[in-house]
Amino acid sequence: MRTSIRTAGILAALLATGATGCAGGRTAQDFPPPPTDLTGKVRLVAYADCDEMTEGLRQAAARNVTPWGFGDAMLYAVTDAGAAKRATPEQQSYSTTNTHEAGVDEPDLVKTDGDRVITVTRGVLRVVDAKTRKVTGTLRLVAEDQSWAQADLLVHGDRALVLFQGGGIVPFGAMAKRLPGPSGPRYVLVDLSGEPRVLGAMTVRGQHIDARQVGSTVRLVVRSQPEIAFPTPKQDESEKELLEGNRKAVLSAPSGAWLPSYDVESGGASRTERVGCDQVSHPDRFTGTSMLTIHTIDLAAATPFGSLTPIAVAADGDTVYGTAGSLYVTSNPRWWAARPIDVVPVPDSSAAAATATPAVPPERTEVHRFDVSAPGAPRYVTSGSVPGRLLNQYSLSEYDGHLRVATTSGAEVFDASPGTSESGVYVLDAGTLAQTGSVTGLGKGERIYSVRFMDGLGYVVTFRQTDPLYTLDLRDPAAPKVTGELKITGFSAYLHPAGEGRLIGIGQEASEKGRVLGTQISLFDVSDPAAPAVLSRFHQKESGSEAEWDPHAFLYWRATGLAVLPLQNWAEGGIAGSAALALRVGDREITKLGVVTHPRSPAKSDFAPADQGIRRSLVIGDDLWTVSDTGLKVSDAATLADRAWIPFS
């Protein structure tokens with residue numbers, strides 16, 4: 001479950017357009033146990049053996065189980081506003097995935113090495129030769145009736161790892177081999193040296209959070225909950241009785257209920273494995289209701305699935321941020337209100353105690369750091385927390401031995417008083433996650449819509465009716481400070497560096513009352529941190545772009561100033577058209593180059609019809625390639641003149 005980008009972006013879009021959810025009729029899934037408050041630095045503890053691990057997890061989980069179990073495993077991040085690689089090397093003739101950190105690749109639906117374009121859409125992997133513009137290889141990975149399954153790619157040399165995020169994925173040609181019971185994300189390794197073929201696969205019990213790749217090494221982050229069979233509720237059974245029954249089930253559950261398992265298919269054989277007790281750690285305090293597992297796969301190894309050594313931490317997680325040496329997993333506070341029921345707290349040694357009313361949990365973001373600087377399994381380093389809610393991975397930035405974290409407090413919780421929210425940036429020591437400094441009070445009554453950190457500087461956009469762009473000086477970790485503020489209508493949901501002293505913002509124009517009016521691309525002058533200014537703005541009425549919440553959808557080719565993003569035009573409450581908008585970003589002005597469209601395929605009555613919209617764009621030489629579920633189009637990168645259409649049949 002990749003909430004940091006796609007799922008979160010949909011939620012953000014609803015928030016931005018003023019959509020509201022119904023607070024009534026909530027089920028048990030709306031009331032998960034509260035997160036542990038990891039204020040400041042916490043002491044790390046490894047279990048001595050399986051017995052100690054099982055007892056510790058039982059007691060923690062029993063304190064946090066509800067009459068309905070452990071609640072929904074879904075975690076909520078809010079929107080995603082991203083940034084690109086720092087700068088495309090001048091000698092490189094092709095663009096790569098728009099990622100947060102240079103040298104740290106992120107999964108996406110298309111990859112290129114300049115010689116070939118590799119895509120995965122609707123369950124089919126395709127390899128296209130960039131020179132001949134012909135499909136040279138095709139591999140269906142799931143049955144056609146599962147073409148809805150969301151998939152992404154990571155590539156190294158002639159190896160591709162296809163990441164299917166959802167559960168219940170059935171390999172193509174293996175319909176009769178489907179196993180009963182729960183399943184989770186599936187990771188398929190494909191050989192690209194000839195006609196694409198499957199080398200192996202791994203199916204994990206849990207939810208996919210995200211993945212990062214440095215060199216040939218891929219780290220997969222998965223979240224799982226204990227697999228405990230709770231007693232079936234009886235007619236007229238009280239909530240207190242339900243709770244007592246669930247706690248008894250927790251306190252008698254075996255260690256295997258918590259230890260994450262995964263199925264591996266490699267070398268023509270299948271096996272099921274579990275994370276070992278000796279590979280599980282935990283902070284001082286934890287809920288026992290969730291486990292984070294990090295799997296390491298070397299795409300260059302002769303047998304990448306031959307020997308896996310995953311590690312696990314008794315913690316929650318929904319957002320991943322990675323550098324070459326560190327992997328951070330954070331867990332946002334969840335949206336729910338305390339339900340007025342009797343809760344029986346469980347002491348460490350007993351399941352019985354007096355009744356109490358649950359308090360509203362603290363609104364804090366938990367942060368867990370792993371050292372990934374060495375080959376093999378990562379090392380769990382430390383945990384900590386900061387006040388408020390994280391926006392996305394771009395609210396995190398490691399620089400000069402410190403982690404900067406931007407959050408909003410009081411904006412996304414039930415029953416919050418209007419106008420009480422505010423945002424801040426917290427600077428933590430990367431080695432301990434203890435707080436070094438902070439600057440708070442940003443955007444009173446608003447919430448963060450985008451963040452961008454660049455070396456010792458930071459940029460934060462908050463919004464409710466107008467868009468303040470704050471510039472921050474973070475060079476002194478102990479004394480971060482706001483240096484400038486720019487107020488304009490609308491907001492930027494995605495900030496992108498555009499050369500010395502320039503910043504591109506992609507978001508929505510809005511009225512003075514905060515009503516969104518359509519896609520807006522802004523060019524900011526941030527050369528003077530004390531006086532940020534807007535140089536140019538391009539506004540497309542009644543439109544929206546995937547780039548507002550998914551940075552992978554944005555292309556900026558600095559060599560020519562070409563900027564491309566998907567654009568959906570809205571009319572009468574629906575999508576009237578979809579295209580790729582191409583702009584030219586100069587030093588002081590944004591101009592429209594034109595639009596690219598794909599031929600529309602005949603509509604089919606499939607359960608999940610192909611998305612006709614353009615999703616991605618990339619540059620190879622002087623060609624602009626655009627990607628949709630229906631095919632690839634090659635255009636002249638300077639004039640947008642058509643050069644080739646490669647349909648996906």
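Of the contacts in the protein (heavy atoms within 4.5 Å) with a separation of 6 or more, 59% are between residues 24 or more positions apart. The model is predicted, with local features needing pLDDT of at least 70 and side-chain atom pairs counting only at pLDDT 80 or more, while totals for chains, interfaces and linings use all residues. Residues are numbered from 1 along each chain as its sequence is written, and side-chain values use heavy atoms, leaving out hydrogens and water.

The secondary structure comprises 3 helices and 42 strands (DSSP runs numbered from the N terminus: helices are H or I of at least four residues, strands E of at least two). Strands 6-7-8-9-12-13, in that order, form an open antiparallel sheet of 6 strands; pairing requires at least two DSSP bridges between two strands. Strand 6 (151–156) and strand 13 (269–274) are the edges, each pairing on one side only. From one strand to the next, the twist averages 20° (axes are lines fitted to C-alpha atoms, with angles from 0 to 180 degrees between N-to-C directions). Within this sheet, strand 9 (residues 197–204) pairs with strand 12 (residues 261–266) over 5 bridges, in the antiparallel sense. Thr 203 has Asp 263 in strand 12 as its bridge partner.

Strand 19 (residues 364–371) contains His 368. His 368 counts as buried because its relative accessibility is 0%.

Terms used:
Buried < 20%, exposed > 50% of the residue type's maximum accessible area, 1.4 Å probe, protein only.
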